[in-house]
Amino acid sequence: MAKTILTVDDSASIRQMVSFTLKEAGYTVTEAVDGQDGLDKARSGKFDLIFTDQNMPRMDGLSLIKQLRALPTYKSVPILMLTTESSDAMKSQGRAVGATGWLVKPFDPAKLLEVVRKVIG
Amino acid sequence: MQHGFEEVLAPNLYYDRHFEMDAVKILPGEYYVSTREILMVTVLGSCVGACIRDRIRGIGGINHFMLPDDKREDNERFSRSMRYGDYAMEILINQLIKLGARRSNLEAKVFGGGNVLPGFKNHVVGERNAEFVIEYLTTEGIPVVARDLLGNYPRKVYFFPTSGRVLVKKLRSMHNDTIIERELSYSETLRRAKVEGEVELFS
C-alpha cells in the first residue's frame, strides 16, 4: 500500500508543488491549509510522514509539531519542516520540539524525494 | 550584489524630500515590510514588484524580483524558475504575517514586467515575470486590485503601505543604463545560483 504523507502549508502554490512531486513518486498525499487544519487531519488519520511550513495562520509549524508529538500516534512519525526560515535559532527550536529534519525553501523536488525515501522508504 | 539568490530586507533607508517622509529604496532581490507609513520606492524594468498589504490593519510590503532565466524548463509550472518566484513571493507574505497581517485581508497591486532588457531570449522576460505574479496571486487567492504591467519602458513605483496608495511614473527616457545594468547583474546572480535551500536531518 502507498505510504501516506500530510503536507501542511498556507501557500496553495507550495501545497500544489509538494503534492505533485510526491504523488508522481507514488505517495498518497493529503493537504492542510494551516497548523490547526494539519492537527485536525493528523488526528483523524494516520500518516507515515508529515511536512509542515512554519509561518501559518492559526497555528505555526513548531506549535503543530509540539502538539503532534504529544499524541501517541505521532510520537515517532517523521515530521519535516519545509520553510523559508533558515536561522540556526529556528532550527534549534525545531529540534527541541521534535522535528525530524529541516528543509529550507525553495526546494528541489529531487532532493525532497531523496529525503522522503531516507525517512520512510 | 553581495547576496546569492536569497531575498533580503532592503537596507537603503533615506529621507525623501519631495514627499517629506522616511523612505526605503528596494533594489532587485530585495523586499521591505512595515507597520508604519514609510514610502517604499523601487524602479522596475523587466522585474516585477508586488505591493501587498493587509487592507484592514494597514500593514504593507513590497518586493522586487524576476524569475531566473532557465532555458531548459522555463515554462513548466514547477520548474526551477517558478519555484524561485514562489519563494520570492512567500518571503514577502511571511514577513507581513509576522508583523500581524492576516492572509485573508491581503490585497495586491502589481507592476513592472516591461520589455527593457536587451539580448534576452525572445525578449519575453518581462512577460514571463508579469504572467507569473498574476498566476501566483490568483492561486493564493490574493486579489489583485491594481496592475500596470508589460510595455516597453521601466517604471518608478512609490508605495504608501498604510493607505495602499501607489504612484507610478513611467520612465519614457532613461538618462543612463543603471536600471538595465542592475537587472542584468541580478539575472546573472540568479542564473548562477543553485536556487535551492539547505536540507538538514536531525537524526
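B:Met89 is in contact (heavy atoms within 4.5 Å) with B:Ala50, B:Ile52, B:Asn63, B:Phe65, B:Phe132, B:Val133, B:Tyr136 and B:Leu137, leaving aside residues up to four places away in sequence. This is a predicted model, where local features need pLDDT of at least 70 and side-chain atom pairs count only at pLDDT 80 or more, while totals for chains, interfaces and linings use all residues. Residues are numbered from 1 along each chain as its sequence is written, chains are lettered from A in the order in which they are written, and side-chain values use heavy atoms, with hydrogens and water left out.

**Cores**

- B:Met89, B:Ile52 and B:Leu137 touch the most other members of the largest nonpolar core, which has 49 residues; such a core is a set of buried Ala, Val, Leu, Ile, Met, Phe, Trp, Tyr and Cys residues joined through side-chain atoms within 4.5 Å.
- Helix H1 (residues 80-98) of chain B gives this core its largest share, 10 residues; helices here are DSSP runs of H or I, at least four residues, and strands are E runs of at least two, numbered from the N terminus.
- Another core, of 24 residues, lies apart from that one, and A:Leu6, A:Ala32, A:Met59 and A:Leu64 are among its members.

**Around A:Leu39**

- A:Leu39 sits in helix H2 (residues 35-43) of chain A.
- With 2% relative accessibility, A:Leu39 counts as buried, the cut-off being under 20% relative accessible area (1.4 Å probe, protein chains only).
- Not counting residues up to four places away in sequence, A:Leu39 touches A:Met59, A:Leu64, A:Gln67, A:Leu68 and A:Leu71.

- Six strands make an open sheet with mixed pairing, in the order S2(A)-S1(A)-S3(A)-S4(A)-S5(A)-S12(B); strands pair if DSSP finds at least two bridges between them.
- S2 (28-32) of chain A and S12 (199-201) of chain B are the edge strands, each with a single partner, so one side of each has no neighbour in the sheet.
- S5 (residues 101-104) of chain A and S12(B) run antiparallel, joined by three bridges, and A:Trp102 stands opposite B:Glu200.

**Where the chains meet**

- Chain B puts 25 residues in contact with 33 residues of chain A.
- About 2,700 Å² is buried between the two chains, with carbon and sulfur atoms giving 58%; that is accessible area (1.4 Å probe) lost on putting the two parts together, summed over both.
- On the chain B side, B:Phe78, B:Arg83 and B:Phe202 lose the most area to chain A, together 26% of what that side buries.
- Eight salt bridges are found across this interface, each a side-chain nitrogen of Lys or Arg within 4 Å of a carboxyl oxygen of Asp or Glu.
- A:Lys91 forms a salt bridge with B:Glu198, with the closest N and O atoms 2.7 Å apart.

Notes: Buried < 20%, exposed > 50% of the residue type's maximum accessible area, 1.4 Å probe, protein only.
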